[in-house]
Amino acid sequence: MARLKILTFPDPRLKEVSLPVEKFGAEMELLANDMLETMYDAHGIGLAAPQVGHLKRFLVIDTRPKDDQGRRYKYDEMTDLEQQVQQPLFVANPRIVKGEGKQNFDEGCLSVPGFYETVERFNYIELEAEDVNGQTFTIKTDGLLAVCLQHEMDHLDGKLFIDRISFVKSNKIKGQIKKHGYPTQEELLKEKSDREKVEA
Ligand code: QAP
Ligand code: CO
């Protein structure tokens, strides 16, 4: 397995529309495993292929909440529908066949590290997709998993969460990135511990 470089906004590749996966099997499995390692290493819950420079309609997801030591999954914090979906998920060529209701979630993105904003998404989705071997499967889910699937699917069409918020808010984030760049690893860790103090 290998860790891949995650592209960050404003890399122009993040604005491209990705192409359908047509070749399945060993090659896709390799990319899937590399993406999963890259995502776990960055403490992410979802990663789309274009974020690592592969303009393919493919994504990996693991939204299972972990305990403070990161040892155990807290399945009791997932909805019934989320618990019924096997994770980690490898998803090729996803298409939403049904979307119902609305939910608001404070989203972040590994391609926009250190920035968060509330985004409105479907509360419940049904989607069809292929696995790494080209077998079609369906997912019916809600909660964080539904949010994450919709966020990652946006990447396949060249969209970021900052394209789904008000101009005032997205211009503020884009302006800050253009002026000051991204926070360093140290600053991100400090922000994280400050957030946890507020929550506690
Ligand atoms: C998309 O995002 C998502 O800024 C996945 O410093 C986000 O994995 C879907 C991350 C929220 C649903 C809800 C972001 C890690 C990870 C950061 C991620 C950071 C470290 C983001
Ligand atoms: Co993202």
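Mentor: Before we start: helices (H or I, at least four residues) and strands (E, at least two) are DSSP runs, numbered from the N terminus. This is a predicted model, where local features need pLDDT of at least 70 and side-chain atom pairs count only at pLDDT 80 or more, while totals for chains, interfaces and linings use all residues. Residues are numbered from 1 along each chain as its sequence is written, chains are lettered from A and ligands numbered from 1 in the order in which they are written, and side-chain values use heavy atoms, with hydrogens and water left out.

Trainee: Switching to H1. Which of its residues are buried?

Mentor: Met28, Leu31, Ala32, Asp34, Met35, Leu36, Thr38 and Met39 in H1 (residues 26-41). Buried is under 20% relative accessible area, exposed is over 50% and partly exposed is in between (1.4 Å probe, protein chains only).

Trainee: What covers them?

Mentor: The cover includes strands E1 (46-48), E2 (58-61) and E3 (89-107); contact here means heavy atoms within 4.5 Å.

Trainee: In what order do the sheet's strands run?

Mentor: E1-E2-E3-E4-E5, five strands in an open sheet with antiparallel pairing. Two strands pair if DSSP finds at least two bridges between them. E1 and E5 (136-142) are the edges, each pairing on one side only.

Trainee: How many bridges between E2 and E3?

Mentor: Four, in the antiparallel sense. At one of the paired positions, valine 60 has phenylalanine 90 in E3 as its bridge partner.

Trainee: Last one: which residues come nearest to ligand 1?

Mentor: Gly44, Ile45, Pro113, Gly114 and Tyr116, out of 19 around ligand 1, where near means a heavy atom within 4 Å. For polar contacts (N or O pairs within 3.5 Å; within protein, one must be able to donate a hydrogen and the other to accept it, and residues adjacent in sequence count only if both atoms are side-chain atoms), a polar backbone atom of glycine 114 lies 2.7 Å from a ligand 1 oxygen. A side-chain N or O atom of tyrosine 116 is 3.0 Å from an oxygen of ligand 1.

Notes
The expected span of a helix is 1.5 Å times one less than its number of residues.
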